[in-house]
Amino acid sequence: MVKDLALESRVGTHHALGTTITLQIFGAKDDYVINKSFELIDHYEDLLTVNRDVSEVMDINHAAGKHAVQVSSPTYSLVKLAVEKSRENFGFNALIGPVVKLWHIGFKGAHVPTDDEIKAKMALTDPFDVELNDNDQTVFLTKEGMELDLGGIAKGWIADRIRDFWLSCGVRAGIINLGGNILLVGDSPKRASGLWAIGVQDPKAKRGGNITSVMVKECSAVTSGVYERYLEVNGKKYHHLIDPRTGYPVETELAGVTTFTRRSVDAEIECKRLFFAGHPIIDWSKDPDRIGAVFVYNDEHVEYDNFKK
């Protein structure tokens, strides 16, 4: 069965979510499922993007300080998850946009803002200033100038929806790659064990250069790292991962952390939790859908959390 499944695969690429998306389905004879998946990704991007002036999330932002906005069920469920996780105050905050835009690291005009500028924007990032109404599916940002941005977990959530679609179509094995956010579906057709080999980025190498790899069952792999975008001023580097608890780039010895979980949205969340913690903190044994993590530090030593190496 493994050999038969490995005979054919279909691969498609598409630009969406600000990145290059690659979908590969093993055992497929045409591109129908891949093409429909791209349509579904585009649909969710239309609902969730903040990179255009029109979307359901932008409707929420435009109405900040004015009134609540009713949104579709997919948008509401993701907004609710993002706000709930933001309120846990572990480092992820879907309201951090005004502060990130102030620093603008990785883009033209990047600079180190003043303490007063940061404090002013931080006043617009409290997730408890978001009112959610489950009955009406409305979202209200209570202060003018607040901004909701689901970019920190949207890819994972969308990847999970694509997997749901694939399973409904009978897909037995495949790879969903949303610009580095990986979701593996089914058993690998390349190995009798069914395990997949996943590389972990070397922070000092070009994208795709791995410092290590792990063998995993079907799961999602997501990485947070400081090495791709940064600002250097007077010999000091400021990376783009802003700590919503301080308004400044998080201070850490970590170059990056990769988490492995059954659901991709969970990998997004736990990746941020571990990155901002700076070291292992999760008891992986309590949940079979949470598999483990790999920590890569600035001195390039690697730590495996719940993996045997």
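Trainee: Why is Glu56 called buried?

Mentor: Set its value against the cut-offs. Buried means under 20% relative accessible area, exposed means over 50%, and partly exposed lies in between, with a 1.4 Å probe and protein chains only. Glu56 has a relative accessible area of 17%, so Glu56 is buried. One caution before we go on. This is a predicted model, where local features need pLDDT of at least 70, side-chain atom pairs count only at pLDDT 80 or more, and totals for chains, interfaces and linings use all residues. Residues are numbered from 1 along each chain as its sequence is written, and side-chain values use heavy atoms, with hydrogens and water left out.

Trainee: Where does Glu56 lie, and which residues is Glu56 in contact with?

Mentor: Glu56 lies in helix 3, residues 56-62. Helices here are DSSP runs of H or I with at least four residues; strands are runs of E with at least two; both are numbered from the N terminus. Contact means heavy atoms within 4.5 Å. Leaving out neighbours within four places in sequence, Glu56 is in contact with Asp46, Leu47, Val71, Ser72 and Thr75. Take Thr75: it is 19 residues from Glu56 in sequence, and their C-alpha atoms are 7.3 Å apart.

Trainee: Why does Cys169 count as partly exposed?

Mentor: Its relative accessibility is 36%, so Cys169 falls in the middle class.

Trainee: How do you know how many disulfides there are?

Mentor: A disulfide is a pair of cysteine sulfur atoms within 2.5 Å. A search of the whole structure finds zero. Cys271 shows the test at work: its nearest cysteine sulfur, that of Cys219, is 13 Å away, and Cys271 is in no disulfide.

Trainee: Is Cys271 buried or exposed?

Mentor: Buried, because its relative accessibility is 0%.

Trainee: What does Ser224 touch?

Mentor: Not counting residues up to four places away in sequence, Ser224 touches Ala255, Gly256, Val257, Cys271, Lys272 and Phe275. Ser224 and Cys271 are 47 residues apart in sequence, yet 6.3 Å apart in space, C-alpha to C-alpha. Ser224 lies in strand 10, residues 220-225. Ser224 is also buried, because its relative accessible area is 8%.

Trainee: What is the phi of Leu17?

Mentor: About 55°, which is positive although Leu17 is not a glycine. Most residues other than glycine have a negative phi. Leu17 is in the loop between strand 1 (9-16) and strand 2 (19-26). Its relative accessibility is 18%, so Leu17 counts as buried.

Trainee: Where else is there a positive phi in a residue other than glycine?

Mentor: At Glu300, where phi is near 75°. Glu300 is in the loop between strand 14 (290-297) and strand 15 (302-305). At a relative accessible area of 30%, Glu300 is partly exposed.

Trainee: Now the whole chain. How many helices and strands does the chain have?

Mentor: Eight helices and 15 strands.

Trainee: Why is the chain called as compact as a globular protein of that length?

Mentor: The radius of gyration is taken over C-alpha atoms, and the globule rule is 2.2 Å times the number of residues to the power 0.38. For 309 residues the rule gives 19 Å; the chain has 20 Å, close to that, so the label holds. Buried residues make up 49% of the 309 residues. Among contacts with a separation of 6 or more, 58% join residues 24 or more positions apart. Along the principal axes, the C-alpha atoms fill a box of roughly 60 × 50 × 40 Å.
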